[in-house]
Amino acid sequence: MKKHSITAAAVIVLSFGMSDWAVGGIQVQPEGDETVSSESAHKFTNRLINETSPYLLQHAHNPVDWWPWGPEAFAEARRRNVPIFLSIGYSTCYWCHVMERESFENETTAKLMNENFVCIKVDREERPDVDDIYMAATQILTGRGGWPMSVFLEPEKLRPFWCGTYFPDEPRQGMPSFSQVLEGMAQAWTTQKEDVLKQAEQIAEAVRTSQAQTEDHAGILADHVTTAVQSLIKGYDPRNGGFGGAPKFPQPAYLRLLLNARQVAGDETTQDAIDQVIKGTLDKMAIGGVYDQVGGGFHRYSTDATWTVPHFEKMLYDNAQLATTYALAARAYEDPFYARIARRTIDYVLREMRDPGGAFYSAQDAEVDSREGLNYLWTKQQVENVLEKDDAAFINNVYNLDLGTNFRDPHHADEPASNVLRMSDRPDQLAAAMDMDESAFLDRLDALNSRLYEARSKRKQPRLDDKVLIAWNGLMIDALARAGVLLDESSYIAAAHQAVDFIQSNMVSSSGELFRVYRAGNAKTSAYLEDYAMLIQGLVSLARADGDTKALDWARQLTARAEAIFTDGTTPGYFDSRADQEDLFMRTRSAYDGAIPCGQSVLANASVDLHELTDDDQYLAQAGDCLQGLSHSINTNPIGVTTGLRAFARLVPLAPDLAIQLAGDAEAEANDGGPGQIDDEGQVPVVVFADLDRVVVSTQTPGIVTLSLQIADGFHIVAAEPGDGFDSLIPMRVMLISGQGISVYADYPAGTPNEAQEGLKVYTGEIQFQVVIEKTGPIQGRPIIGLRYQVCTDRECLKPATVELDVAIDVDE
């Protein structure tokens with residue numbers, strides 16, 4: 001095994017990725033928290049014992065002298081003149097647990113940490129603002145991110161000077177050990193402090209630049225919606241449903257945009273294409289293992305492309321959004337199967353994720369006794385031990401156990417294989433294949449599922465993260481209110497009211513402001529924009545559901561309060577956090593949807609709803625302000641702002657004049673590198689598609705992406721080899737827009753002669769070619785590839801455009 005060490009001389013270089021292990025991370029996703037037993041049973045107890053976060057409490061008995069994020073920890077680091085080691089994670093994070101077991105529970109490693117650093121633990125779900133800033137730094141330095149996040153800060157302004165994610169206890173797979181990282185960082189602080197502080201400012205400035213919002217506005221057009229929809233159709237996996245390959249995530253924000261777009265599709269061909277994407281994705285997820293066939297509800301994501309083997313944790317935000325999506329699809333397609341999935345998902349949340357007071361908990365763990373999915377897995381023998389012979393045969397057939405095993409714990413490969421329960425087709429098709437009436441089939445399946453669930457409930461259960469977050473509860477309130485109407489289920493609307501009552505009683509300050517977090521009788525942490533936005537959306541949906549004027553009044557009050565807290569009167573749009581937070585070196589402004597939608601986009605949609613309910617034009621203006629704040633991101637990557645685009649599409653028919661204002665000088669914006677240039681009539685002459693949204697490259701193996709360009713009638717692109725004598729025109733080229741250590745080149749197609757200009761070679765119609773991406777040196781920054789081209793008609797040429805390709809580059813070290 002290659003031996004690694006970090007030296008003081010190397011730290012500045014390492015921080016910019018100039019080492020084969022500088023990335024220092026594994027992209028990880030959620031897994032469990034630990035229950036803290038009585039203090040007397042533990043050798044060590046640190047300050048985290050006084051916290052309420054399940055994630056922080058998990059670390060309360062580490063030998064590490066952990067501090068919670070706050071002024072006391074910062075003051076201690078300044079008093080001692082030592083750096084801060086910041087570890088960010090969450091309670092259902094698998095690799096967070098691994099790093100705890102390997103390093104944070106190791107007394108030798110803890111001694112090294114305590115002597116050289118003030119060590120701070122942050123629950124990213126409690127403090128998304130802290131997580132966002134240091135995740136941006138980590139991604140800038142390493143080209144990727146994940147949890148646990150391991151960041152080293154200078155103590156005065158809390159600027160990061162080195163970042164990584166998971167580090168093992170021993171050097172392996174190109175990564176240093178965590179102890180080596182600690183020793184290197186401590187030595188650098190002692191011997192290179194001036195350089196370290198200089199680097200910290202450079203990184204902080206890079207983060208500020210990446211998050212910056214200019215005062216100007218980029219035009220938003222209906223073509224941006226079209227581009228996003230076309231990209232989703234292009235990126236659809238027709239065989240397995242969903243978008244892209246493994247790992248495969250549910251993308252409710254994508255599906256919500258498509259559900260809206262199908263209503264206004266200009267022709268049957270487009271609507272059919274949209275319907276294929278929606279129905280194919282919803283079907284495949286619902287019959288797959290990512291859906292809990294026995295208990296209902298969705299796991300976080302699928303580790304494979306077929307939706308078979310999930311990462312088993314269950315998150316409130318996933319289930320809220322997917323319940324809404326399935327309920328909307330049930331109405332749109334009059335499909336009882338989608339209604340069934342929506343009901344079973346909501347019923348699961350009400351049964352297993354609900355606080356006695358009516359609010360909703362955050363998550364259930366992926367593991368039991370460090371075993372992936374142990375509570376959810378079955379063998380044929382286990383099924384046969386629970387059910388009679390005929391019933392067991394029915395279940396083994398329906399859930400594919402007859403086809404053999406499909407799961408082996410990747411972390412315990414010596415354990416016997418088992419099954420994630422999944423179906424091979426929709427229930428109506430399975431019933432027909434078994435010569436059964438669908439109703440009888442489902443009745444039998446439900447009865448047997450109940451027996452399996454009863455047996456499963458006797459097993460040791462996954463751990464529960466029982467904190468209440470306003471943002472995620474807002475998503476669930478929205479789901480309950482919408483599903484209550486769409487599925488004609490008044491009990492769901494009643495449950496939404498109970499959640500609202502809980503929040504009003506327990507999570508509102510005396511001045512009327514919201515607290516983000518509630519657990520164990522304590523509400524804390526001033527709420528962020530996403531909390532306000534998602535609760536407002538839930539309240540508005542509740543007001544729509546049953547005409548509740550109290551919910552509508554509170555939504556209006558919170559909307560006014562959000563504007564006062566999260567805008568500055570100078571730049572368009574909303575910030576994520578408050579202006580008076582002294583523990584952040586900058587104020588973030590998110591634009592892109594992730595696992596949960598962007599708060600600013602949610603507020604834009606809620607504002608459109610408020611206008612529809614009140615006929616008050618101030619809410620259209622507020623939606624327009626949100627969209628202005630999103631406009632540059634919409635131009636750069638419309639598919640990343642689908643929730644915002646959905647708000648824009650809703651706003652256009654309600655406020656045509658405002659839509660014209662939002663369009664602005666769209667041509668100039670597009671020509672500066674948006675999703676495509678815009679001609680004088682608002683047409684997008686060129687649309688660029690990539691066949692992959694993520695590619696892995698290494699020194700030995702390049703990545704290959706196929707680009708397809710659709711060129712509108714009446715336009716052409718200057719070819720890569722345009723011919724002699726055309727030096728004033730810009731030939732088409734792929735290029736590296738940002739980052740270092742990557743080379744990109746293409747096998748360009750030959751151009752065709754242009755009839756208007758003799759000797760000129762151009763591209764017309766649709767062209768396709770491969771782009772090769774190679775790792776040629778140490779990675780610096782986040783590599784982004786783009787395509788530069790010049791669009792012309794036979795009369796004139798537009799300004800050259802550079803389009804950022806929506807392809808993430810993962811570097812295999």
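**Figure 1. Gly-547 in the loop between α20 and α21.** In this predicted model, Gly-547 sits in the loop that links α20 (529-546) with α21 (549-566). Is this glycine buried or exposed? With a relative accessible area of 51%, Gly-547 is exposed, given that the cut-off for that label is over 50%. The view also takes in Leu-613, which is 66 residues away from Gly-547 in sequence. In space, the C-alpha atoms of Gly-547 and Leu-613 are 9.6 Å apart.

**Figure 2. The disulfide of Cys-93 and Cys-96.** Here we look at the two cysteines that are bonded to each other, Cys-93 and Cys-96. Their sulfur atoms are 2.3 Å apart, and a pair counts as a disulfide within 2.5 Å. By this rule, the model has 1 disulfide. What is the handedness of the disulfide? The torsion about the S-S bond of Cys-93 and Cys-96 is about 80°, so the disulfide is right-handed.

Figure 3. Cys-119 counts as buried because its relative accessibility is 1%. Cys-626 is in no disulfide either; its nearest cysteine sulfur belongs to Cys-598 and is 8.7 Å away. Cys-626 is likewise buried, with a relative accessible area of 0%.

**Figure 4. Helix α10 packed beside helix α24.** Two packed helices are described by the angle between their axes and the distance between the axes. For helix α10 (residues 252-262) and helix α24 (residues 642-654), the axes come within 8 Å and cross at roughly 20°. Angles under 35 degrees count as roughly parallel, and α10 and α24 are therefore roughly parallel to each other. The crossing of α10 past α24 is left-handed.

**Figure 5. Residues at the contact of α10 with α24.** Which residues of the two helices meet? On the α10 side they are Ala-253, Tyr-254, Arg-256, Leu-257 and Asn-260. Facing them in α24 are Thr-642, Thr-643, Leu-645, Arg-646 and Arg-650. Sorted by class, this contact of α10 with α24 has 4 nonpolar, 3 polar and 3 charged residues.

Technical notes
Residues are numbered from 1 along each chain as its sequence is written. This is a predicted model: local features need pLDDT of at least 70, side-chain atom pairs count only at pLDDT 80 or more; totals for chains, interfaces and linings use all residues. Side-chain values use heavy atoms; hydrogens and water are left out. Buried means under 20% relative accessible area, exposed over 50%, partly exposed in between (1.4 Å probe, protein chains only). Axes are lines fitted to C-alpha atoms, for helices over the stretch in contact, and angles run from 0 to 180 degrees between N-to-C directions. Helices (H or I, at least four residues) and strands (E, at least two) are DSSP runs, numbered from the N terminus. Angles under 35 degrees count as roughly parallel, over 145 as roughly antiparallel, 65 to 115 as roughly perpendicular and the rest as oblique. A crossing is left-handed if the near helix is turned anticlockwise from the far one by less than a right angle, and right-handed if clockwise. Contact means heavy atoms within 4.5 Å. Ala, Val, Leu, Ile, Met, Phe, Trp, Tyr, Cys and Pro count as nonpolar, Asp, Glu, Lys and Arg as charged, and the others, Gly among them, as polar.
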